[in-house]
Amino acid sequence: MKRRDFLKSVGAVGAISASSASAIDLGGESILSDDDFVMNASHYGALWGKEKNGRFEILKEFEGDKYPSSMLQGIVARTYDPSRITAPCVRESYLKKGYKADPSLRGKEKFVEITWEEAYDLIAKELKRVYKDFGYPSVYGGSVGWYGVGNVNNPQALVGRMLQVAGGYCKRSYTYSAGAISVITPHVTGTNEAFVASASWDNICKNTEVFVLWGSDMINTNQIGEHIPTHHQYEDFKNLKDQIKKRGLKVINIDPIQTTSADYYDAEHIAPYPNTDVALMLGIAYHLADKGLADQEFLKKYTSGYAQFEEYLFGKTDNTPKTPAWASKICGIDEAKIKELAELFASKRTMLHSGWALQRNDHGEQPCWMMITLAAMLGQIGLPGGGYDFALHYEAQGSKVAKFPGLEAVAGSVSAKGEWSTREIPTIPCARIVDCIKNPGKEIEFNGKKIKYPDFRMIYWAGGNPVHHHQDVNQLIKALRSRIETFVMQDCFWTATAKMADIVLPATLECERNDIAKASNGSYIFAIKPIVKPWCNAKDDYEIYSNILKRFDKAAYDAFTEGNEDSLSWVKTLYERSVARGKEMGIDMPNFEEFWKKGYVEFELPKEDDSVRLAGFIQNPMTNRLGTPSGKIEIFSRKIAKFNYKECRAYPSWFEPVEWHGDKNAKDYPLSLVSPHPKYRLHAQLNNTWLRDLEEVQEREPAWINPQDAKKYGIKNGDIIKVSSKRGSILAGAIVTDKIRQGAIRIQEGSWYDPLDWSKNDSLEVHGAVNVLTVDKSTSELAQACCITANVKIEKFKGVAPLVKAFEPPIIIKKG
Ligand SMILES: Nc1nc2c(c(=O)[nH]1)N[C@H]1C(S)=C(S)[C@@H](COP(=O)(O)OP(=O)(O)OC[C@H]3O[C@@H](n4cnc5c(=O)[nH]c(N)nc54)[C@H](O)[C@@H]3O)O[C@H]1N2
Ligand SMILES: Nc1nc2c(c(=O)[nH]1)N[C@H]1C(S)=C(S)[C@@H](COP(=O)(O)OP(=O)(O)OC[C@H]3O[C@@H](n4cnc5c(=O)[nH]c(N)nc54)[C@H](O)[C@@H]3O)O[C@H]1N2
Ligand SMILES: [Mo]
């Protein structure tokens, strides 16, 4: 398949051809030499950028990028979007009254521009006050979320590094991405399964007979990278597709949505109700056990506790056998189909691959545990092309990795010893933030331990946008309008979170700074060179923190900087450490000057990678014991049994979600929400560019609904609809499509929050910010991870559609 055809199949061709036209075919003839372009990089890929008349105007895809993402094309536009923050700003009454300003006015007031020196003074003074009055755990520096790329200017690592030496802080544990899987799977297999593929793509392409996309749209989610994507994995995706014709590989998509990946593989679509997968898995497991299809030898040799689980499966513990008929009522898939799946999986080499959406739901620990259990019953774990996987959808996992010396990053804590060395840094599970703000001193369970919430008074958030990413946004806004005395936000744009802050600091974008980054698969180290000067008064994150620390002890400043005055100095230090490590590994690298001039160093990828992660354990489970108490796969966990939790038993099991199609509120709120990751954005990033025109309906985030539901609620394709849950309402644009199952609704996360009236709590949201609808509950006492779910109702919006103002900055009183 040619690249262009591929892009067409993932729906990106329009954007790519438009960009190529502006980048190289200027009037049919190139007027720019390659020398005019500067190397830079982003979450969407590496790029060559060109400045014209002082502005970043032209962008070329990096030639080593195998399948450039259309998102790359938003980078120029975002640089000059009016939503850019142009100077440090302070909320009007905060400037007058400081921490005594009325918190309930957040998001309702004007801002006043101040100088950087004033901003640094203000923050340093306030940190010192909070340390003195309340103690350091009252400073929350636990920003969670994304930011730009670059191993120096990672605002989150750096905010922790700064606060550590300034006097201490409370940080967060885990993420919204993989909170439940990261806590449960170490109990089950001894490994955090979220970030390591179970087998290489080469191995899967050779051996797998049935490939199951169980809540994974890997062709969408691999577009971006935590590090720089080179999209080599799209060659693997293509290879997998070739196996359909070559070897009769079957691809099955188990997802309420017929996804981009399902379309690409022409997969069989099995569409359960959202948040009911554990029941479906149990129904399959029951049929395997009942028909003697479960691999007893495997279970005996490699797992522990299957017998206890089987009692539950057969209903001996609760009088409810988890038969296919039982499962069918919950998940909405025919009983016959459930049996067919069980028999198919047992008779073929089957890879059960899941992304992370299942574990981002209520009791998200269970689908991970249950999928591993199901794979164990099939007896194919550790065999070529079989078993389970939770990582192939992310960061080029499973794809070949280059022999590469690594690239260090400026760490989130300092290495120098000082008065900070003995200070304990408390943590809270990131998604419990609102519970924590509202209930200081409350004790919660967390993975067998107890955590006592600190009394937050000051929040310093850098990288991330909680008003888009956190569930039940109306509650978050109310919490931020209550106890918090000072809220500092450091971002490049006037996101809704920045609008809610007291002190807002403008950070540079990658195209405006010096930095360094690696490719996700280790195939390159990239120079991030400034294409243009920082927009208005923006500064590098590193520079901002260093300057704040100049207001503290010299020892703190020195520990933070390690003698590096600016980003470029760190870039050199980090590169030279790679060169030194390369030497030890026999990898020759150019010196810094040559690297910087050329813009990248390339590292060779191996021709083949035929690895299977658990093969060693399967060959010899005695010498290659897993890191669990029994050394085996734990289907029953004695350790979890001891925790005695209500929402996580000692074996994988079905719990009714807080909201779902089968609960008693479903009459009033009949549709189950799925809010996957967007196709033309990285969360809320790039929503402030023309990329949104590729998807929006009447300027609102699209909401996919099934034709049967559309008919029932009197909605037509293209209508503006009001979507409401028990927590709030948003407007969205209806797309009526049979790519979604009846009874479900799909609204992507990341549309910029836009309340009709900022001065009110619980305002109608008019742009489609889906987290106004979702519920703020934790998955269970075990992981305390986010649970992104909601039951909603829909109606056609009548009247004049409110203007979308999400991308307008607040009113700002300028200096002078
Ligand atoms: N409903 C629903 N909600 C979800 C999810 C879901 O699936 N459904 N997914 C969850 C998941 S997995 C995640 S990871 C979160 C993501 O949520 P976030 O990570 O909070 O979302 P982003 O929009 O990527 O926010 C990153 C912010 O960093 C800023 N930024 C970029 N570069 C820089 C920089 O160099 N310096 C500074 N200081 N700032 C910078 C950007 O402008 C942007 O505002 O959302 C979670 N929320
Ligand atoms: N384009 C793009 N790529 C991204 C990101 C982005 O914002 N944009 N974000 C990155 C980040 S931070 C992360 S954490 C990863 C996230 O990676 P994932 O968590 O895997 O991605 P999602 O899009 O949330 O969900 C994947 C699929 O699960 C389906 N799904 C949702 N609920 C259910 C359910 O109850 N049952 C079943 N069977 N399926 C369900 C969704 O319809 C979707 O097709 O993606 C990364 N990649
Ligand atoms: Mo994520």
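Ala, Val, Leu, Ile, Met, Phe, Trp, Tyr, Cys and Pro are counted here as nonpolar, Asp, Glu, Lys and Arg as charged, and the others, Gly among them, as polar. The model is predicted, with local features needing pLDDT of at least 70 and side-chain atom pairs counting only at pLDDT 80 or more, whereas totals for chains, interfaces and linings use all residues. Residues are numbered from 1 along each chain as its sequence is written, ligands are numbered from 1 in the order in which they are written, and side-chain values use heavy atoms, without hydrogens and water.

**View 1. The lining of the largest cavity.** A cavity is a set of points, on a 1 Å grid over the protein atoms alone, where a 1.4 Å probe fits but cannot get out, and its lining residues have an atom within 4 Å of a point. Of the 14 lining residues of the largest cavity, Asn-275, Val-278, Asp-362, Pro-367 and Trp-654 are the closest to its centre. By class, six residues of this lining are nonpolar, six are polar and two are charged.

View 2. A polar contact is a pair of N or O atoms within 3.5 Å. An oxygen atom of ligand 1 lies 2.7 Å from an N or O atom in the side chain of His-469, while a nitrogen atom of the ligand is 2.9 Å from such an atom in the side chain of Ser-675.

**View 3. The shell around ligand 1.** The shell residues, each with a heavy atom within 4 Å of the ligand, comprise 11 nonpolar, 17 polar and five charged. Domain 1 (89-174 + 415-511 + 536-553) and domain 3 (671-796), with bounds from an automatic or database domain assignment, both contribute to this shell, so ligand 1 lies between them.

Technical notes. 1 Å grid on protein atoms, 1.4 Å probe; cavity = no way out; pocket = protein on both sides within 12 Å on 5 of 7 lines; lining within 4 Å. Polar contact = N/O pair within 3.5 Å; in protein donor to acceptor, adjacent residues only side chain to side chain.
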